[in-house]
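This briefing concerns the chain fold, the nonpolar core and the chain contacts of one model. The sequence and structure are shown first.

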Amino acid sequence: MLNIVFYFQVHQPYRLRHFNVLDIGSNSQIFDEKLNAQVMRKVADKCYLPTNKLLLDLIKEQEGRFKISYAITGTAIEQFKLYSPETLDSFKALVDTGCVELIGETYFHSLAFLYDSNEFLDQVGMHRDLMQKEFGYYTETFRNTELIYQDRLSDIVYEIEGFKTILTEGVDRILQWRSPLYSYKNYSKSINLLLKYYQLADDIAFRFSNRDWPEYPLTVDKFVNWIDHLTLGEKDNRNQFLNLFMDYETFGEHQWASSGIFDFMRHFPSEVLKRDHLGFATPKEVAKYSNYQQESLSFPEPVSWADEERDLSAWLENDMQHNAIETLYELFGRIKQKGDPELLRIARMLSTSDHFYYMCAKYFQDGDVHKYFSPYDSPDQAYIYFINALAELEERLLR
Amino acid sequence: MKVLMFTWEFPPLISGGLGMACYGMVKALLAQGIKIDLVLPTKELVYFPLREESDVDTLPTVFFDPTLHTEYIQKRFTSLQERLEYIGITSRPESYFQLDEIKRHSFEVKREFIDTEITSIEEQELWNEVTTHLIGDEDLIRKVQEFTLRAERIAKTLQYDLIHAHDWLTYPSGMLARKISGKPLLVHIHATEFDRAGGPGDERVHKIEHAGMTYADKVIAVSKYTAQMIMSRYRIDTGKIRIVHNAFSLPERDLENPQRIFKGPVILFLGRITLQKGPDYFLDMAQRVLENHPEARFIMAGTGDMSRKMLRSSAAMKLKNRFLFTGFLNRHQVETVLQASDIYVLPSISEPFGISPLEAMAYGITSIISKQSGVAEVVHHAFKIDFWDIDLWVETISHLIENPEKCRKIGLEGMHEVQRIQWGEAAEKIRLLYSATLAEYIRQHQ
């Protein structure tokens, strides 16, 4: 049996205003409320609302056989409440079907794991509380920001009660000859790992509307056929997991409705379920379905799902990114010492990984992706506004 | 006495110190009864007949084409800005620095005319310097060409006693006007190509600068520093060089209520972020001062060809959120950032004059200025340090941070000092020079 595991990342950052040196000390807004509202409403119209409706219909149609999972960040939930409450309601309706798993992560979609373990644990706790409060859901699977993972993360997550599985990228340099279609254990065999099958996941997320791609257009028949072929290699009846992890904004936002992405999704589950040896599962069901001794995998260095490199270089490569994030985490310590909740909240909003992504100055293909997602003209501008915001935060701290 | 004046910058058409200096100088000259017909690189072919002090702000305008002028005077403008836009002074002029590639492009300021009218071999050589070097495809060179072509018509149409041209961009025009009218030419050196480039710079510009200064009857240098540069690098006849230090116009400022931005001490760099101004020295001193004074903030205000490099370097040096960039600042924003600063530094590699330290001092900010500057000759209540002596810069800044009372006191003394450096005195020198040059001219033509 091959289980298709859909996991969608739902995230919106608080984008910074064009915050200049002369704005420092004037108590003016650091975040761009207008832009954030605009983006949220746009993405809700193009993606969240239509996709949620479609998936809700499919779940009902398939009577429990179609399942999906989400990681919804705290900053996204907050902005649903502010700018698109109907989006939050539609997610609640999905969770209420019982066919949706919610996945735990850092509330602010931050890189705290790499810089400040205590802050990381705080943000994970905040997110779990939020899921409990908004959806009445207790999270059992963990996914770090942008699938960033290394051995050390599994140690920390294992210490948090309740997490049994972690999602990450199926990086070739770690897997080598192994297949991402099986479930694994972390290096200390204490927690399950599910690895993204990036070839097929990216066919939907990145290549779906690319007319230069030889496989264009991607039809449901073709895609399900490929999946079917994946099962041929398995002779011992071991359960396989095809982990299709992607940004939720793939639907309608990155791949526009006109590309046919919604029609694809509408027909995909029924085509899959025509076959007895194919099905859907959510990450927390993995332990139950793993009918074999899971091999353990070691990730000595951090991996992620970003860019060709699948490492941290999208956020932490150049000097601007390093200086910005180090300055931020140094401030965290001082803010916590002072115990000012308002400043702590701002620091956390600034800890969202997107801010560092905007400062990425890598060129070629990936640079283009960064540019597409950035609200600023250049990485330098993004850096200047961020550093100014940190100066503002520090001035408020000294007050 | 009426002067035909060519300049590339004049408020609101301004990118740097040249425009501010011309404004202060012209205003003070008008106050002393000099009449000035001002020519700027405007889109429309116009000149500005300035007769009263207040004209520097209103810029009364005359179109050379009578039909256009009739249209212009019949037009109703709701604001000064709208009127100036109509004339074609909308944006800042490009900064006129470093011309890179030399591409051949024919330049013809009535070659035949010049060739037939040339009276001596020396004169022939000077014109050759201009005509063979004012070539190139760059936007700026094209603009200078066009400006020069217009000068012919201007020089023939207007009545004037003297010609006064500011910096190399207008030297070809000044030369042409002198050639046509036979009136004496004064060229004013605000900066040479050596200052701007922080090295040899563009050969074409040197040649034009040399030709302009040699052809002129008098050369005005903004400082001793510049005068020495002119003598040693351009070999200009010492007898015709005069030094007139720049002054500045006291800004309207609210000293009672300075708006601070930061609680800690603020050290300011304000100017184009380009090699000449020594921004990299500022970065180095920031790094070293911050080691002992992490409470300080360094602000780099302005833009320039080295902005990105400075930004990336400040990040690489891990200067955290202690080294900040403002980007381009308008007039009002400059005042705001000045009010928020404690120490002003000008680490220029070569600064013919440098008005902005005077302005900083007018705000009571303690200034530390490069010894390689003209402004160092006129102020006493400021620290003067060789631009390369980083140790001393660091020591001085640290000392001022550690002794805020002393810093304030020096700032106040500096403020009182610069209040006395007004354009009236400088304009008086220029007026006397005009008279002397004219007297000489009349004597020679009797």
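In this predicted model, the largest nonpolar core holds 251 residues, and those touching the most other members are A:L244, B:M25, B:L38, B:L268 and B:I299. The largest contribution to this core comes from helix 16 of chain A (residues 379-398), which supplies ten residues. The points below turn to one of these core residues, then to chain B as a whole and its contacts with chain A.

**Surroundings of B:L38**
- When neighbours within four places in sequence are left aside, B:L38 is in contact with B:M5, B:F10, B:V26, B:Y47, B:F48 and B:L50.

**Fold of chain B**
- Chain B contains 18 helices and 14 strands.
- The C-alpha trace of chain B spans about 70 × 45 × 40 Å along its principal axes.
- Of the 446 residues in chain B, 49% are buried.
- Among contacts in chain B with a separation of 6 or more, 70% join residues 24 or more positions apart.

**Contacts between chains A and B**
- On the chain B side, 19 residues are in contact with 20 residues of chain A.
- Two or more residues each are given to this side of chain B by helix 13 (307-316), strand 11 (323-327) and helix 14 (331-339) of chain B.
- Helix 13 of chain B gives the most to that side, with five residues.
- By class, the side of chain B that touches chain A comprises nine nonpolar, four polar and six charged residues.

Conventions. Residues numbered from 1 in each chain as written. Chains lettered and ligands numbered in written order. Predicted model: local features only at pLDDT ≥ 70, side-chain atom pairs only at ≥ 80, totals over all residues. Helix = DSSP H or I, 4+ residues; strand = E, 2+ residues; numbered from the N terminus. Buried ≥ 20, exposed ≤ 12 C-beta atoms within 10 Å, placed from the backbone. Contact = placed C-beta atoms within 7 Å. Core = buried A, V, L, I, M, F, W, Y, C linked by C-beta atoms within 7 Å. Nonpolar A, V, L, I, M, F, W, Y, C, P; charged D, E, K, R; others polar.
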